[in-house]
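Colleague: I would like to learn how to read helix packing and aromatic pairs in a model of this kind. Could we go through them together?

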Amino acid sequence: MAQRLADSAAVSVFCDSVALMLSVGIQTDEAVHMLSEDMGDTSFGKTCNKIYRSLIAGKSLAQSMKDTGAFPRYATDMVEVGERSGHLEDVLRSLSVYYNEESRLFAKISSSIGYPTALLCIMSAILLFAVLIILPVFIGVYERLSGSLTAGSFSEVSVAIGIGWVALIVTLVLALVFLVATIMSHSPGGRQSLMNLFEKLPLTKNAMYELALSRFVSALAIYIASGLNTDEAMGASLSTITHERLHENVASAHKLDSENPRSIVQAISEVELFDPVYVRMLTVASRSGSLDDILIQLSSLFFNESVSDIDEIIDSVEPIMAAFLTVAVGATLISVMLPLIGVMGSIS
C-alpha cells in the first residue's frame, strides 16, 4: 500500500535540513540518517529512515525519495535535476522555500474556508428548522382558516415556502462544498486534488498557471546551469510540468526549436510563453551569458505573483460569504414573516 504524501511543511524541513548539512560537508546518506534520528519514531522520521536505507543500498536521493511514495512528484523531479547537474544543495534550498510558502498558503486557505464552512452549517440547520418545522405550522394555520383566506394570502404562503426551500437548498449545497474543501485542505493528497481543481476554475487558473510556470523556469535554469544546451534543457524540463496548458505551450516551443533551430528566447517569444517584458530580459541575459541567473529570478517572480493572486482570492472569500449569509438570513426572515402578514391580513 502506497504511503500518503508528506505535508508541505515536512517536505520543507527535510529539504532545508539536508541542504544545511550538505553545506558543511556531511554526506547525503549521513545527513538523512541524522535527520531520521532527530525526528524519532514519527511518521516522517520513518520515511527518512527508509530513504537512508535506500541511500546506503546505492540508490540516488531522488530515487530513494520516490520509493517512499511520500514526496510530491515536483520535489523528486527537482532533486533528480539537482543530482544530475551537481546543484543538489541549491535545489534543496529552493524546494525548502517553495514548500514552506505552499504550507503557509494552504494554512491560510484552511482558515479562510473553515470560518464560512461553520457559518454555512449553522445557517443550514436554521433553515432546515424554519422550512421543516416553522413553515408547516403556518400552513396548518392557513388550512384551518381556509374559509377566510383570500387568493393574495394564499400566494404569500406559496412565496414563503418557495423562498425557504430555495435558500435551504443553496445553503446546503454551499455548506457541503465548503465542508469537502475544508476536509481536503487538511491532507496532502486532498491539497493536490484542490490544486488540480484550481487549475480548471476561471477564478484561480491564472494563479495556477503562474505557479506551474515558476516550477518549469526553475528546472530550466538548473539544467542550463549544469551545462546542457538550451534545447536539451527545455526537453528535460518539459518532464517536470504537470499543468496541461503550460505543458502544451512548452512542448510547442520545444518543437519549434527542434524543427527549425533557434534561440530559446525566440522559441519562448513565438509561443508567447512569457510576457514581452520578460522576453526582453531573457534576450539581454542570453547575450551576456547570465541566462540561468535571470531564469532563477523569474522563477521567484512568477511564484510570488501566483501567491499574491491566490492571497487576493482568499481575502475576497469572507466578504462574499458575508454578503451571501446576509441574503440568506434576509430570505429566512421573509419566508417566516410573509405567512404572518397573510394571517394578519386574513384576520383583519
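Colleague: At roughly what angle do the axes of helix α1 and helix α2 cross?

Modeller: Please keep in mind that this is a predicted model. Two packed helices are described by the angle between their axes and by the distance between those axes. Here the axes of helix α1, residues 8-23, and helix α2, residues 28-39, cross at roughly 130 degrees and come within 9 Å. That angle makes α1 oblique to α2, and the crossing of the two helices is right-handed.

Colleague: Which residues of α1 and α2 meet?

Modeller: On the α1 side they are V13, F14, S17, V18, M21 and L22, and these meet T28, A31, V32, M34, L35 and M39 of α2. Sorted by class, this contact has ten nonpolar residues and two polar ones, with no charged residues.

Colleague: Which parts of the chain does the pair of F14 and F44 link?

Modeller: The pair links distant parts, with F14 in helix α1 and F44 in helix α3, residues 43-56, 30 residues apart.

Colleague: Are F14 and F44 buried or exposed?

Modeller: Both F14 and F44 are buried, and ring pairs link F14, F44 and F71 into a cluster.

Conventions: Residues numbered from 1 in each chain as written. Predicted model: local features only at pLDDT ≥ 70, side-chain atom pairs only at ≥ 80, totals over all residues. Heavy atoms only, no water. Axes fitted to C-alpha atoms, helices over the stretch in contact; angles between N-to-C directions. Helix = DSSP H or I, 4+ residues; strand = E, 2+ residues; numbered from the N terminus. Parallel < 35°, antiparallel > 145°, perpendicular 65-115°, else oblique. Left-handed = near helix turned anticlockwise from the far one by under 90°. Contact = heavy atoms within 4.5 Å. Nonpolar A, V, L, I, M, F, W, Y, C, P; charged D, E, K, R; others polar. Buried < 20%, exposed > 50% of the residue type's maximum accessible area, 1.4 Å probe, protein only. Phe/Tyr/Trp six-rings, centres within 6.5 Å; stacked < 30°, edge-to-face > 60°.
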